[in-house]
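Let's read this structure together, one feature at a time. Keep it open beside you as we talk.

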Amino acid sequence: MNSSSIFYNLNLLLLNLIDVVSIIVPVLLAVAFMTIIERKQLAAHQRRVGPNTVGYYGVLQPFADALKLILKETVIPSQSNKVLFYLAPVSTLVFSLLGWGVIPFGQGLQLADLSLGILYTLALSSLGVYGVLLAGWSANSKYAFLGSLRSTAAMISYELILSSAILIIILLTGSLNFITIIEIQESIWFIIPLLPVFIFYFISILAETSRTPFDLQEAESELVAGFFTEHSSVPFVFFFLGEYSSIVLFSCITAILFLGGYNFPELFINDFVLNIQSLILGIKTCIFCFLFVLFRATLPRLRYDQLISLCWLNLLPICVAFIILVPSILIAFDIAPY
């Protein structure tokens, strides 16, 4: 291999690294400000004052929180498996950040345009539970292990509902590619004809991201946090970032699947809209981020057995009905995309 090819490969590697950093840094900043948005919105719901001291209107509070957590002492249980103890929070954050690799922020603004982008996203979301399981098992703590078992037991139920809802969209579009799904929605956003599908899809992503009322890994009756009871300082920060990164990621995926992503309906598309595609996607993502916080502020927590009953006995029959109904309508009117 000559020097010119080596130089070319190094330049290509550097460009790829810059692309990755240009995605990860804004995502981490969005995660930081998602925490202040949640605290402000919860304060408004509960008629109290939220963070308002650090920075103007409290906007620097996330950085103060991060500094406080990083400076805390890292306590490692003496009987724990130290490798897995550190690997669990890191894997949770890494799997969450990897999901952004296939998200299209606009025409041509995407790290990887995979033809099986949705399958890639579903695979990563399924792997996320291993961080929870390893955290509880490696800490050698009864409370942490019970929290991880609750999460693992419920995963099958809500993952089935989530994949069924996405399967309906795949049947409607005939594609697993995010950009194709966005382009098909130039006629009408899927949230309008598929409103019931959106409802049980949103229930499943609330469970997927461990948000109220389905934050099953935590248990107030035990007076501890759940699977990350033994984690402190930087390992806890990784869990914290992983959870909020998943919230922003699934809000963005929801905007793509049901609100047309970075596009408006064809009637409103013009040169101005084409120039602010990333801003459009950001606004739609923020709508669902606010919905996440709204549900936390208004709904009580359910037990994990109640979630399993809800998914298997109530939502699954509806999912199966729609999986049969949607293709039947497409074939009956001869508009099937396949």
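**Reading a helical chain**

A: The secondary structure of the protein chain comes to eleven helices and zero strands, where helices (H or I, at least four residues) and strands (E, at least two) are DSSP runs, numbered from the N terminus. This is a predicted model, in which local features need pLDDT of at least 70 and side-chain atom pairs count only at pLDDT 80 or more, while totals for chains, interfaces and linings use all residues. Residues are numbered from 1 along each chain as its sequence is written, and side-chain values use heavy atoms, with hydrogens and water left out.

Q: In what order do the elements of the protein chain run from the N terminus on?

A: They run α-α-α-α-α-α-α-α-α-α-α.

Q: How much of the protein chain is made up of buried residues?

A: Buried means under 20% relative accessible area, exposed over 50%, and partly exposed in between (1.4 Å probe, protein chains only). Here, buried residues make up 45% of the 338 residues in the protein chain.

Q: And how do I read the contacts in the protein chain?

A: Contact means heavy atoms within 4.5 Å. Among contacts between residues at least 6 apart in sequence, 78% join residues at least 24 apart.

Q: Now for helix pairs. How are two packed helices described?

A: Two packed helices are described by the angle between their axes and the distance between the axes. Axes are lines fitted to C-alpha atoms, for helices over the stretch in contact, and angles run from 0 to 180 degrees between N-to-C directions. Take helix 3 (residues 82-98) and helix 4 (residues 117-138): their axes come within 8 Å and cross at roughly 160 degrees.

Q: Which word describes how helix 3 and helix 4 run relative to each other?

A: Angles under 35 degrees count as roughly parallel, over 145 as roughly antiparallel, 65 to 115 as roughly perpendicular and the rest as oblique. Helix 3 and helix 4 are therefore roughly antiparallel to each other.

Q: Is the crossing of helix 3 and helix 4 left-handed or right-handed?

A: A crossing is left-handed if the near helix is turned anticlockwise from the far one by less than a right angle, and right-handed if clockwise. Helix 3 passes helix 4 in a left-handed crossing.

Q: Which residues meet between helix 3 and helix 4?

A: On the helix 3 side you will find Leu84, Phe85, Ala88, Ser91, Thr92, Phe95 and Leu98. Their partners in helix 4 include Tyr120, Leu124, Leu127, Gly128 and Gly131. By class, the contact of helix 3 with helix 4 has twelve nonpolar, five polar and no charged residues. For these classes, Ala, Val, Leu, Ile, Met, Phe, Trp, Tyr, Cys and Pro count as nonpolar, Asp, Glu, Lys and Arg as charged, and the others, Gly among them, as polar.

Q: How do the axes of helix 4 and helix 8 cross?

A: The axes of helix 4 and helix 8 come within 13 Å and cross at roughly 160 degrees. That makes helix 4 roughly antiparallel to helix 8, and the crossing is left-handed. Ile118, Thr121, Ser125, Gly131 and Ala135 in helix 4 meet Phe239, Phe250, Ile253 and Leu257 in helix 8. This contact has six nonpolar, three polar and no charged residues.

Q: What about the crossing of helix 7 and helix 8?

A: This one is right-handed. The axes of helix 7 (residues 195-208) and helix 8 come within 11 Å and cross at roughly 165 degrees. Helix 7 and helix 8 are therefore roughly antiparallel to each other. Val197, Phe198, Tyr201, Ile205 and Glu208 of helix 7 make the contact with Phe250, Ile253, Thr254, Leu257 and Phe258 of helix 8. By class, that contact has eight nonpolar, one polar and one charged residues.

Q: Which residues of helix 2 are buried?

A: In helix 2 (residues 61-71), the buried residues are Gln61, Pro62 and Leu69. They cover an arc of only 100 degrees around the axis, which puts them on the same side of helix 2; the arc is that of the directions from the helix axis to the C-beta atoms. The face turned away from this buried side carries the exposed residues Leu67 and Leu71.

Q: What is glutamine 61 in contact with?

A: Leaving aside its neighbours within four places in sequence, glutamine 61 is in contact with Ile36, Arg39, Pro51 and Val54. Its relative accessibility is 13%, so glutamine 61 counts as buried.

Q: Lastly, what should I know about phi?

A: Most residues other than glycine have a negative phi. Arginine 47 has a positive phi of about 55 degrees although it is not a glycine. Arginine 47 sits in the loop between helix 1 (3-45) and helix 2, and at 81% relative accessibility it counts as exposed. Serine 233 also has a positive phi of about 55 degrees. Serine 233 lies in helix 8 (residues 233-258) and, at 2% relative accessibility, counts as buried.
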